[in-house]
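Subject: Handover of a structure

Dear colleague,

Please find the structure below, together with its sequence. My notes on what was found in it follow.

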Amino acid sequence: MATASSSPPAVSGGSAATDSETLRKNQILSSKLYFDVPLTKVPVIYSSSYDIAFLGIEKLHPFDSSKWGRVRGFLIRDGVLDKKRTVEPVEASKDDLLVVHSESYLNSLKSSLNVSIIVEVPPVALLPNCLVQKKVLYPFRMQVGGTVLAAKLAKERGWAINLGGGFHHCSAESGGGFCVYADISLCIHYAFVRLNISRVMIIDLDAHQGNGHEMDFANDSRVYILDMYNPEIYPRDFVARRHINQRVEIVSGTRTDEYLKQLDKALEVAGHMFDPELVVYNAGTDILDGDPLGLLKVSPDGITSRDEKVFRFAKEKSIPIVMLTSGGYMKSSARVIADSIVNLSKKSLIDLEKAPVKI
Ligand SMILES: [Zn+2]
C-alpha cells in the first residue's frame, strides 16, 4: 500500500504554473510507484523485466542489454544476495511519466522510428509499435519504477540500489543516447512530494555528461549537480553544461589514480557547497578501461574505490543514497558492478544480510 508522507496538495492559486504544479503533485500522490516494502527484503531493486533481448537487438547495440540481470545473477551466485530478498518495482504508468514528460513527448514514442533513434538501434524503426512498446519501452518503464521507488527505500533504510536506471540523457522533452525516460528527474520530483525532501544532490559519474537531468533542473536551487564526464564524447551539450553546479571534465585516456584524485577533490567541494537530504548517484561503469564509448582508462578496482568513496561520502553525513547502474558497454561491466556491490557490503556501507536499521 502506498503511503503519503507529505501534506495534501495545495489549492490552486489560479495561475498556469500553480495549476501544473498542483496537477503534478496530485499525480505523484496518487501513484502506485511508492509502496511499502517489508523489512525482510533488502533495498536492491530488480525485475527480470528489466532485460531487453529479442530479435537480436542485444547484438545490434554495444550496450549489454541483459547487464542488469547478470549483475543480480553474480550477486546470487557469490552468495551475497538471496534472490527472494530483492525488491520488484512496478511499471511507471503514463500518469507517472507525465509528472515530468509532456504528452507530446510520450506521443512521439508511438513512432517506432523515433524510438529507434533514441535507442540507437535502426532496425527498431521497422517494427510495429506494439512490439516496440512491449519489448523495448516496457523494460525501461519498469526500470523507471525501480529508480523512483529507490528514493523511498533509501530514505527508510539509508541506501538503495536499483540494478537498472540512470537514463541521464533524457529530459522532459527529449530522449537520446539509449535513454527514453527521465528516471532521475522523476525520482527527484517524487522525493520532493512524498518524502518531504527539498535538497537533492546528483553525483553523476557515468563517463557521459548527464544533460537530461541538467536541463530538467536548470536553475532549480533544490538540486545540486556534480558531474564528472569526458567532454570529448557524446552528448557535448553545451547548453546543459551551464546548469552543472560542479563540472569536472575528465579527458580521454585518464587513468585510475588521476580519476580518483579528481573525485576526492570534487566530493570535498560538493560537501562544502551543499547540504543534501538525498544523494542520487549515477554510477555508470563506462569509465572502465576498454569501454568503446567512454574512452577512459579506469580499472575494475578503480570502480570499486569510486563507489566506496561516494557511499562513504553519503554515510559520513547520514544522507540517504540511491545508486543507479546507468551506462557501461562491455560484457565485463556486470561483473565489475557486482564486485563493487560486494565490496560495499564488506565495508559495511550497505547491509545485504540483516534486516536494515532505519537511519
Ligand atoms: Zn555513459
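**Findings**

Leu295 has 19 C-beta neighbours inside 10 Å and therefore counts as partly exposed, since a buried residue needs 20 or more. Leu295 belongs to the loop between S6 and H12, and its phi is near 60 degrees, a positive value in a residue other than glycine. Please bear in mind throughout that this is a predicted model.

**Other backbone features**

Most residues other than glycine have a negative phi, and most peptide bonds are trans. Against that background, two further places deserve attention.

Phe178 also has a positive phi, of about 75 degrees, although it is not a glycine. Phe178 sits in the loop between S2 and H8. Phe178 is buried, because 22 other C-beta atoms lie within 10 Å.

The peptide bond from Tyr234 to Pro235 is cis, with omega near 5 degrees. Pro235 is part of the loop between S4 and helix H10 (238-241).

**The chain as a whole**

The protein chain contains 13 helices and seven strands. Its C-alpha trace spans about 55 × 50 × 45 Å along the principal axes. A compact globule of 359 residues would have a radius of gyration near 21 Å, and the 19 Å of the protein chain agrees with this. Buried residues make up 48% of the 359 residues. Among contacts with a separation of 6 or more, 74% are between residues 24 or more positions apart.

**The sheet**

The seven strands form an open sheet in the order S1-S2-S7-S6-S3-S4-S5, with parallel pairing. Its edge strands are S1 (44-45) and S5 (246-249), each of which pairs on one side only.

S7 (321-324) is covered on both faces: Ile321 and Met323 on one side, and Val322 and Leu324 on the other, are all buried. S7 is joined to S2 by four bridges, and the two strands run parallel; here Leu324 in S7 is the bridge partner of Asn162. Four bridges also join S6 to S7, again in parallel, and Met323 in S7 is the bridge partner of Tyr281. From S6 the chain crosses through helix H12 (residues 300-316) to S7, in a right-handed β-α-β crossover.

How enclosed is S3? Five of its five residues are buried, so S3 is largely enclosed by the rest of the structure. Val200, Ile202 and Asp204 point one way from this strand, while Met201 and Ile203 point the other way. S3 is joined to S6 by five parallel bridges, with Leu278 in S6 as the bridge partner of Val200. S3 and S4 likewise pair in the parallel sense over five bridges, and Asp204 stands opposite Asp227 in S4. Between S3 and S4 the chain passes through helix H9 (residues 211-216), and this β-α-β crossover is right-handed.

Tyr229 stands opposite Glu249 in S5.

**Helices on the sheet**

H7 lies across S1, S2 (159-162), S6 (278-282) and S7, running at about 160 degrees to S2. Helix H8 (residues 183-194) packs on the sheet as well, touching S3 (200-204), S4, S6 and S7, and its direction makes about 170 degrees with that of S6.

**The nonpolar core**

Which residues touch the most other members of the largest nonpolar core? Of its 105 residues, they are Val180, Cys187 and Val322. Helix H7 (residues 129-157) supplies the largest share of this core, twelve residues. Leaving aside neighbours within four places in sequence, Cys187 is in contact with Thr147, Val148, Ala150, Ala151, Val280 and Val322.

Val132 is buried, because 23 other C-beta atoms lie within 10 Å. Beyond its neighbours within four places in sequence, Val132 is in contact with Ser112, Val115, Val124, Leu127 and Leu137. Val132 and Lys152 are 20 residues apart in sequence and 30 Å apart in space, C-alpha to C-alpha.

With kind regards

How values were computed: Residues are numbered from 1 along each chain as its sequence is written. This is a predicted model: local features need pLDDT of at least 70, side-chain atom pairs count only at pLDDT 80 or more; totals for chains, interfaces and linings use all residues. The radius of gyration is taken over C-alpha atoms; the globule rule is 2.2 Å times the number of residues to the power 0.38. A residue is buried if 20 or more other C-beta atoms lie within 10 Å of its own, exposed if 12 or fewer, and partly exposed in between; C-beta atoms are placed from the backbone. Two residues are in contact if their C-beta atoms, placed from the backbone, lie within 7 Å. A nonpolar core is a set of buried Ala, Val, Leu, Ile, Met, Phe, Trp, Tyr and Cys residues joined through C-beta atoms within 7 Å. Two strands pair if DSSP finds at least two bridges between them. Axes are lines fitted to C-alpha atoms, for helices over the stretch in contact, and angles run from 0 to 180 degrees between N-to-C directions. A crossover is right-handed if, with the strands pointing away from the viewer, the path from the first strand over the helix to the second runs clockwise.
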